[in-house]
Amino acid sequence: MVLFDRHNYHTFQPLLYQVSTAGLEPDSIAYPLRKVFRKNKDFHFRLAEVDHIDTQNKVIHTSVGSLPFDYLVLATGTKTNFFGNKDIERHSMAMKNIPQALNIRSLILQNIEKADSSNDPEERRRLLNFVIAGAGPTGVELAGALAEFRKGILESDYPELNENEMEVHLIEGSDRVLAPMSALASKRAQKYLENLGVVVHVNSLVSDYNGQRVTCKDGGTFDTETFIWAAGVTGAPIQGFNGDALLERFNRYRVNEFNCIEGFEHLFALGDIALMETAGYPKGHPQVAQPAIQQGRHLAKNLKRKFLGKPMTPFGYYDKGTMATIGRNKAVVDVKNRSFGGAFAWFLWMFVHLWFLVGFRNRVITFFNWTYNYINYDRAARLIIRPFKKKIG
Ligand SMILES: Cc1cc2nc3c(=O)[nH]c(=O)nc-3n(C[C@H](O)[C@H](O)[C@H](O)COP(=O)(O)OP(=O)(O)OC[C@H]3O[C@@H](n4cnc5c(N)ncnc54)[C@H](O)[C@@H]3O)c2cc1C
């Protein structure tokens, strides 16, 4: 078996926002892929970009060469969706991987430092204005963490800056934050955010960002040097077989209940890149971790069955619930038909995220950091190691 990935590590994406806001070091949420599989015999890893698949001849072409295959599983996930807006793509900050999260961390810290030494009130305002587009779990968690940064760090470590000068704006196109969750969870989350001082703008669509000013469709504007784009993702398919297999609107491969890509007996797709229409999920499963994990386990079992000449079994998704954190002692959880929030939800959120982090060392370090940050109201990873240079023009 050969695993190709453009990174030599697995990223735990739900905690990327903590890297962006200096709560965790990147190596706490990443794990070397070779180490994950070190005990597996007949396993090979190749650090490579997969760029083309020849389905007729069953060959995969990558940046390190080509490889014929008997069976191919695609699990390429998603990429940031800028909805075709080139200005936003050029000037905003995306947060889909560790290098991007580190860029955001550097930019936030650089801008606060610049504001500290600026005497121009307009410039100071732009530097201390943090604007996030998209109030899904990523945007909400990021906004909450930035608001806590202001509360815990700005006052103590930047005596020449006034806490009230820093603003956090969260812009959402739909009529509520955390739209995929229950109405009660949305209401609670918005209240928590507002209590932390985040300004929430619902029913507001961003139309442009020129590097200094965010413009919304309703005419509203925000002057900012830090604009984070958390407003959507789209599938990251690989060239080679598009046509009917790729649903262009979503950039996801249509798969049957065995995760087999329609029309290709030897090709499978799972996780965010796969769209499986079932009675319970006519538009496909949500693009979150659980469907990807469950499909991965199920497909592995099915492939073993296939090799033994047994029939494959259909995939069934078990929804374990949804959760998001807003800040210390503040989280929201939807399980089955129940929704709850507050400190218990927050502890549950921490437990679940520690549980799913890959690697014992990562769990210990993350737990230690969270405890330290909780006691000290600190975010210890406030280091500009690789300064971020904004694109000009
Ligand atoms: C910021 C953020 C926060 C999130 N928070 C949550 C959360 O709180 N809860 C939740 O359930 N889900 C969350 N998600 C979603 C969750 O992370 C995804 O649903 C899940 O990771 C999907 O798994 P996957 O295996 O399909 O894709 P991924 O985990 O994205 O893996 C895709 C892999 O393919 C590799 N790859 C892609 N294209 C190529 C190529 N051409 N060549 C080589 N390698 C390639 C990538 O390097 C990557 O390793 C979050 C996502 C993000 C971005």
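How much accessible surface does the chain have, and what percentage of it belongs to carbon and sulfur atoms? The accessible surface comes to about 20,200 Å², and 53% of this belongs to carbon and sulfur atoms; areas were computed by the Shrake-Rupley method with a 1.4 Å probe, and for residues only the protein chains shown count as cover. The model is predicted, so local features need pLDDT of at least 70 and side-chain atom pairs count only at pLDDT 80 or more, while totals for chains, interfaces and linings use all residues. Residues are numbered from 1 along each chain as its sequence is written, and side-chain values use heavy atoms, with hydrogens and water left out.

Turning to the overall fold, the chain has 10 helices and 25 strands, assigned as DSSP runs (helices H or I, at least four residues; strands E, at least two) and numbered from the N terminus. Of the 393 residues, 47% count as buried (under 20% relative accessible area, with exposed over 50% and partly exposed in between; 1.4 Å probe, protein chains only).

Leaving aside residues up to four places away in sequence, Thr11 touches Leu16, Ile29 and Ile98, a contact being heavy atoms within 4.5 Å.
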